[in-house]
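Hello,

Here is the structure I promised to pass on to you. Have a look at it first, and then read my notes below.

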Amino acid sequence: MMKKKKIDKTPYLFIAPFFLCYAVFSAFPFAFSFAISFTDWNGVNTPKFVGLSNYIRIFTMDAMAQKAFLNTFLFLIIAIPVQVILGLILAMIIKDFIIGDRTRGAFQLINFLPYLTSSVAIGLIFQFLFDWNYGTVNQVLDKLNIVKDHIYWFGSEWTSRIVVILVIVWRNFGYSMIIFSAGLSTISNELLEAAELDGANWFQRQIKITIPLLKPILGFVCIVSLINGFQLFDEPYMLFASQAGQPYGGPNNSILTVMMTMFQASFRNFQMGYGSAIAYALFFVILIFSIIQAKIMRQENER
Amino acid sequence: MKEKAKIRLIRIPAYLLLAITSVLALVPFYIMFIMGTYKNEDIFKGLRLLPGNYLAQNIQTILQGDVFTPYLNSMFISIVSMVSCILVSALCGYGMSKFRFKGRTVFLRILMITLMMPYQISLAGYLMEMRWLHLNNTLWPMIFVFFANPFGAFWMTQYIGSSIPDTIIESARIDGASEFRIFATIVLPIIKPAIITLGLLIFLWSWNNFIIPLVFVSDPNQYTLPLFVSTLGGSYRIDYAAKLLNLTIATIPVLVFFSIFSKYLIKGMTIGAVKE
């Protein structure tokens, strides 16, 4: 610990750039957006105070916004378990069955590449892969005689959703994998070796020892995936909104996410107030999970 | 002996699963690249798995457009974001971790709260603020968001707190070195690994950022790479081969760059999940 010095301006000078920049470029926009969310405003005219009516409108009148919330939840409920379990299994396999640090590193990197790629590029690649006519997926299904006619993936609600979910899983499973890999490296081998001597096979060791020890990390991965997932925008936007002749939110708004609704309202229809209310409604959902995460992190640090 | 045989048996599905996911992770990139080497008409004539011979012509098509401006814009934005974020974060980390001052716990608490605020929520307010400052048609809105990055400041606080012994700083102070000299000549060299990790993460986040340029930029001269890529999807000039080659050029070089430094990136991303 440092000794207590006479009142000294130095520490304040060190932390000033961060807190000042944060105040100007983040805190102010946050506060201002919150204020806007109680108004009717197109960004040019004089804002009209409307109280809570923007928020009430989201949950009582705007079927599209409600559908966006449902879609977003749906995507996460399906995609997150898949990406987390897949990431966990891969991390275990890489740790226990792959010999050599270099090979392990190579496998980790390969499976992690999608996460490093710009989500916009990913959206465009998948738009191509799942194209009705020349898309690789349909070509392969055709070659293998699995389907009689090409599937029009972007033409109906559920096939569109499947594509979005596949994109999410494809992009994120590598992230779960590297977090679990880091977690696995902290588990001492003694326990596992003792269990092996007692005759526990690989599956039993994973279920009885590894997974219980990984529980805090499991929680971390799930919550971080949830928080990021709630802000899902780039991939579904790229799959549909950027495609000529496709509806903004996919067929019947089936892939419309909350962030897409917010973007449309604020920056395309210039309903700044309503858009900000959608953003803040989402933020309150995110906040619940952020608080849980902060609690988990604190427990971790105290252990 | 029996146990050994069992392990071998488990190995087959284990390897198989890993092989499948590895292939699935790479195939979209491969197809993107392959399609860029074909004549547009040939893409429609069935499955293509080997490179074609139309690469040079497709490159010519692309060069008629402007690929370099978005690249340079993204470079500029990401590098300025990265450097300023490192500096701001490290200064804050040093101030927070190596001084005891009035209000420190309050500032720490504020820092913890900022960690929970995704900037995407405040886009409308941010846009209006930038309009008032007459900065909405410049590259700066895409840079300013990274100046004060809560993750960076928080992590630097932890890293400097745990990696630099107080005694080193104490003795430098006794020698009469000024605090900024200590920061520049003692702190910065010691925290080099953290600087590299944070720098790469910010570069990655800034480079791949899409929604801010989408909100702010309308002038093609200010397109960032992701924004440029997004306009490829909507172009009515249906040359898919050129489009995918464009995409290849926009993604692969920087992906190689990230791969080279993946160790640092992976380390950065596991911060918070795993105790060091």
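**What I found in chain B**

Chain B splits into domain 1 (2–63) and domain 2 (66–234), with bounds that come from an automatic or database domain assignment. Taken over C-alpha atoms, the centres of these two domains of chain B are 36 Å apart.

Before going further, please keep in mind that this is a predicted model: local features need pLDDT of at least 70, side-chain atom pairs count only at pLDDT 80 or more, and totals for chains, interfaces and linings use all residues. Residues are numbered from 1 along each chain as its sequence is written, chains are lettered from A and ligands numbered from 1 in the order in which they are written, and side-chain values use heavy atoms, leaving out hydrogens and water.

Now to helix α9 (residues 166–174) of chain B, where Ile169(B), Ala172(B) and Arg173(B) are buried (under 20% relative accessible area; exposed is over 50%, partly exposed in between, with a 1.4 Å probe and protein chains only). Helices here are DSSP runs of H or I with at least four residues, numbered from the N terminus. Why do they lie on the same side of α9(B)? They cover an arc of only 100° around the axis, judged by the directions from the helix axis to the C-beta atoms. These buried residues pack against α4 (68–98) and α10 (179–190) of chain B, contact meaning heavy atoms within 4.5 Å. Turned away from that side are the exposed Thr167(B) and Ile174(B).

Lastly, Thr114(B) sits in helix α5 (residues 104–114) of chain B and counts as buried, at 4% relative accessibility. Leaving aside residues up to four places away in sequence, Thr114(B) touches Phe18(A), Tyr22(A) and Pro150(B).

Best wishes

Definitions and conventions
Helix = DSSP H or I, 4+ residues; strand = E, 2+ residues; numbered from the N terminus.
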